[in-house]
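Student: I would like to go through this model with you, from its overall dimensions to its sheets. Please show it first.

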Amino acid sequence: MIDLVQNTLDGVMIGSSYGLLALGFTLIFGVMRRLDLAYGPSIMIGGYFGTVLYLYYGAGPLAVASAVVLGAVIAGIYVERLCFAPMKAGAAIASMVSSFAIWMQLEQAAILVLPRHTYPFPPLATVAPLEFGPFLVRVDHLIMLVCALALAAAVHLALYHTRFGLALRAIIGSPVAAHLVGINVRTAVLLTFAGASAVGGAAGFLVLAVDQQVTPMFGMWATLKGLIAMMIGGLGSVPGAVVGGLLLGIVEVNSQWYFGPQIRDLVAYVVLFAFLVVRPRGLLGRAPEPAMPPKA
Amino acid sequence: MDDYLIGVLSNIGVISFVALSAYLLLLTGEISFGQQAFFAIGAYAAGIATALWGWSLAAALVWGAAVSGGAALLVGVPTLRLHGLYFAIATLAFAEMVRILFELFRYQISIDGELIGPNGTDGFRNIRYIFDHNIDAFQFLLLIYSLLAAAMLGLLLLERSRLGVIFRMIGQDETLAELQGIPVARRKVLAAGIAGTLAGIGGGLYAHLTTYVEPRIFDIMLGVHSLAYGLIGGLGTAFGPLLGVLIDIGLLESIRALAGYRMIIFGGLVALLLIVRPRGLLDEMVVHKIGRGWRRVSLWARRSSLKPRGNSA
Amino acid sequence: MLDISDLVTAYGKIDALKGVSLQVETGKITCLLGPNGAGKTTLMMTIAGLLHPRRGSIRLAGTELVGLSPARIVAHGIALVPENRLVFPQMSVRENLLAGAYQRNDKVSIDADLKRMYALFPRLNERTEQLAGTLSGGEQQMLAVARALMSRPRVLLMDEPSLGLAPLVVTEIFNIVRDLNRDGTTIFLVEQNAHMALQVAHRFLLMEQGRITFRGMPGQLAEDEVIQRAYLGTRRAAG
């Protein structure tokens with residue numbers, strides 16, 4: 001019982017960063033109706049910016065975080081310009097495959113520049129874990145949770161209380177109608193990509209700082225976690241992304257504790273598959289019909 | 001022919017099966033990131049048949065194809081209601097589940113004092129059939145390409161047949177197809193089954209070609225690559241995915257000097273290509289024009305060979 | 001006000017508009033009728049900037065609109081109420097209306113216009129915070145019209161406002177169209193429901209297979225001939 005609660009606590013904290021990753025993903029999907037497979041790798045590029053700053057200039061966590069965000073945004077804009085902006089309306093798969101090609105490109109570019117298998121990242125906290133009765137809470141996990149919640153709140157504020165947020169929600173609701181009310185959709189999409197990359201970058205920094213390392217595999221990992229959390233929570237839903245992330249975190253930590261790392265990954269995919277077959281809209285998403293990208 | 005070339009060509013041949021598998025599903029309008037799962041199932045099944053059960057290669061390949069085809073049919077049913085992105089992600093989830101299951105899969109028996117069989121993450125070694133039966137690399141290459149040729153023939157005939165037209169109709173507009181009286185659900189499951197079988201044949205061949213398979217090989221990268229081949233080479237004809245495989249493995253494998261930059265170049269080229277040709281090099285328009293050109297040429301050839309001795313009609 | 005000349009819009013190799021020329025007079029209701037597939041929606045989308053014509057010109061009070069982005073065209077004073085309404089389903093009625101005023105930043109008059117819309121469309125007033133996706137067809141149509149009006153357009157384009165609506169609701173919509181015009185709005189209306197359209201139009205045009213085949217005033221053609229050509233096209237009407 002104690003284990004379950006401890007795991008759930010840990011799961012919530014780790015899940016908060018999954019939620020952030022899913023948030024970025026869902027914003028991009030919402031405005032583009034297409035999946036950006038290079039999302040995780042863009043964040044990884046940001047991570048490499050960060051590690052360079054840390055390794056060679058001894059920068060502190062805040063500076064490194066900014067570098068990660070900056071790198072992710074630059075990579076994100078690159079992906080948007082190459083894989084999404086030039087594509088005509090019906091070329092949904094072409095965009096996705098293109099983003100996959102750039103995923104591979106970014107991964108190899110990172111390995112070329114920084115060839116080692118792993119690079120260090122500054123820690124979020126170096127104090128001992130806090131104790132709440134029988135439960136242990138790592139301080140860096142706590143910082144991650146607080147930052148993630150703050151970021152999610154900021155995104156929510158931006159979406160619901162700014163003019164740009166209104167434009168975004170309009171595009172998500174109906175791209176054609178958004179054009180008709182005079183929204184400059186192309187610019188809005190580009191800015192959304194930048195914003196989503198920034199959010200992803202922040203999430204990436206938090207995860208990497210807790211892990212204290214960045215590897216080239218981080219790209220795929222981030223994409224998968226973000227994707228699974230997004231689908232469970234509901235495609236195109238902002239609160240869904242957060243909920244999906246938390247749920248995924250809880251399920252993962254518990255699975256790993258009781259059954260080991262392979263079962264942990266297996267369970268995540270089984271949950272995803274089950275959701276897709278039984279309730280594709282996820283927990284909080286809209287019914288699939290209107291939100292789908294056009295076929296082939 | 002030197003060993004290196006045989007190796008590259010064998011690789012191209014085997015991977016083509018997975019590429020064709022993803023292509024077939026694309027025709028019906030569905031994106032699959034998961035055909036590598038059936039490649040894996042075919043590989044393991046065929047490998048177990050020869051290495052553990054002592055079957056012949058032919059029987060093993062059929063077995064591998066049947067198991068993967070069956071698995072594809074099984075998965076095809078629950079995912080029927082899914083479309084577009086949802087279907088794509090479901091295939092991805094399924095493929096990863098299969099991969100992880102193979103990481104946990106242990107089935108070993110003792111043969112001549114040695115433990116043979118799949119051993120979880122360590123993989124499945126000693127699929128030595130072709131060595132034990134003195135089949136050299138070149139002969140195996142011929143086997144791969146004969147099977148590939150047969151598959152291609154099947155696909156090309158399919159494209160001209162009513163079923164092929166039905167698949168493309170479903171790909172264009174499912175509702176419309178349904179209204180024409182086409183049992184869309186059953187046809188899609190059929191397509192999934194054929195696609196799975198294709199990948200399974202490739203998998204069986206792959207296992208015997210490399211004599212060693214491990215779950216790590218059958219990852220998302222392989223899946224998305226298979227999809228990409230069709231998209232690069234072109235979705236207008238079954239030759240499209242083959243062209244895509246050729247371009248990736250053939251061209252870039254041979255530019256050894258650029259090996260370290262391969263993905264950077266290839267990735268960039270693919271992205272640029274897809275901007276101008278979102279349906280690949282040999283897309284439907286090109287194939288149509290080639291078809292027209294071919295008909296004109298053969299009509300001209302027939303007319304000139306039919307020229308009578310006189311000038312009368 | 002709106003002067004369209006020799007407009008050609010194509011989908012790939014097929015010309016949907018084969019050289020359309022027409023004028024929409026200031027302060028009047030001009031109605032475009034025609035069978036399905038004639039190109040009416042294509043024309044509307046081209047004017048709104050969602051489609052690019054191969055050839056031809058669209059002038060709004062002298063300014064050329066062809067080649068401009070949809071956002072710029074809205075800025076010049078065109079607002080389209082699209083076929084199928086296309087409200088923002090996850091946004092409330094109020095937010096939909098505010099979205100319509102996206103390009104404006106005069107907060108005080110936006111608020112005044114909001115109140116004006118609620119007065120004009122009482123059914124929307126009862127549902128200001130309701131999600132637009134949960135409204136009935138008729139309410140969504142009114143929302144779409146109100147949203148378009150929030151940008152204070154010089155020309156209001158309407159693409160098949162009666163589509164899929166019950167007859168009583170259709171009458172309501174057309175009454176609103178008449179009222180808007182009385183207040184001075186220039187309206188260019190595309191319709192399948194020839195009967196209702198002819199009751200409000202000052203001028204009407206018939207479009208068949210991408211060309212304008214008749215221009216005139218209601219009463220110039222016998223109503224049943226108009227209806228026949230609007231639904232079936234000339235060939236069958238003559239035969």
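Tutor: Helices (H or I, at least four residues) and strands (E, at least two) are DSSP runs, numbered from the N terminus. This is a predicted model, in which local features need pLDDT of at least 70, side-chain atom pairs count only at pLDDT 80 or more, and totals for chains, interfaces and linings use all residues. Residues are numbered from 1 along each chain as its sequence is written, and chains are lettered from A and ligands numbered from 1 in the order in which they are written.

Student: How many helices and strands does chain A have?

Tutor: By those runs, chain A has twelve helices and four strands.
The radius of gyration is taken over C-alpha atoms, and the globule rule is 2.2 Å times the number of residues to the power 0.38. For the 296 residues of chain A the rule gives 19 Å, and the radius of gyration is close to that at 19 Å, so chain A is as compact as a globular protein of that length. To return to the count, it is twelve helices and four strands.

Student: What percentage of the residues in chain A is buried?

Tutor: A residue is buried if 20 or more other C-beta atoms lie within 10 Å of its own, exposed if 12 or fewer, and partly exposed in between, with C-beta atoms placed from the backbone. Of the 296 residues in chain A, the buried share is 60%.

Student: Which chains share the most contacts?

Tutor: Two residues are in contact if their C-beta atoms, placed from the backbone, lie within 7 Å. Chain B and chain C do not touch, their nearest C-alpha atoms being 12 Å apart. Of the two pairs of chains in contact, the one with the most contacts is chains A and B.

Student: In what order do the strands of the four-stranded open sheet of chain C lie?

Tutor: Two strands pair if DSSP finds at least two bridges between them. Strand 1 (residues 2-11) and strand 2 of chain C run antiparallel and are joined by eight bridges. The pairing in this open sheet is antiparallel, and the order is 2-1-4-5.

Student: Which strands stand at the edges of the six-stranded sheet of chain C?

Tutor: This open sheet has mixed pairing and the order 6-7-8-3-9-10. Each edge strand has a single partner strand, so one side of each is left without a neighbour in the sheet; in chain C these are strand 6 (78-81) and strand 10 (211-216).
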